[in-house]
Amino acid sequence: MKSGTRKSIACVMAGLAWQLPTRAAFAQTRPAIELEAAIAKEQVDGDLKTAVAAYLKIAADTSASRDVRARALLHLAGCYEKLGQQAQKVYEQIVRDFADQPAAVQARARLASYSARQLPALKELKPERLTANTRSAER
């Protein structure tokens, strides 16, 4: 083989070897692709029912990365809120089971907003009522 041909083959091989780690780094897993499709169903199509089913499936998929599962739960909770359903337990699950994931920060913020909404109702309680209730409970 000629020297020029060897150099050309070596350059091609080096180029291919350089691309392998790059392709692996940018390749998405099946659950990540399913998550993107579910987000599109929710946000583009407005099909919350289908999106909820997809988010539940992804969150239950133990082969999915923790990040993907946490994001699926975060979007699930968002869908529940849009549907007028209770999402607090889902946010609590994210904080409990995925505390190391970025989605947990958003879940904590949503839980704090729930607490902030409940605080005015607690302030309306009169201390006299609490004292009266305590006395009657002691009897």
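**Notes on the core and the helix-to-helix contacts**

1. Tyr91 comes out buried, at 3% relative accessibility (buried is under 20% relative accessible area, exposed over 50%, partly exposed in between, with a 1.4 Å probe and protein chains only). Bear in mind that this is a predicted model, where local features need pLDDT of at least 70, side-chain atom pairs count only at pLDDT 80 or more, and totals for chains, interfaces and linings use all residues. Residues are numbered from 1 along each chain as its sequence is written, and side-chain values use heavy atoms, with hydrogens and water left out.

2. The largest nonpolar core has 30 residues, and Tyr91 is among those with the most contacts inside it, as are Leu35 and Leu76. Such a core is a set of buried Ala, Val, Leu, Ile, Met, Phe, Trp, Tyr and Cys residues joined through side-chain atoms within 4.5 Å. H4 gives the largest share, 9 residues (helices are DSSP runs of H or I, at least four residues, numbered from the N terminus).

3. Now the charged pairs: there are 10 salt bridges in the structure (a Lys or Arg side-chain nitrogen within 4 Å of an Asp or Glu carboxyl oxygen). Lys82 and Glu42 make one at 2.8 Å, N to O. Lys82 sits in helix H4 and Glu42 in helix H2, so this pair ties together parts 40 residues apart in sequence. Lys82 is exposed at 52%, while Glu42 is buried at 6%.

4. Arg66 also bridges to Asp100, with the closest N and O atoms 2.7 Å apart. Arg66 is partly exposed at 36%; Asp100 is exposed at 54%.

Terms used:
Helix = DSSP H or I, 4+ residues; strand = E, 2+ residues; numbered from the N terminus.
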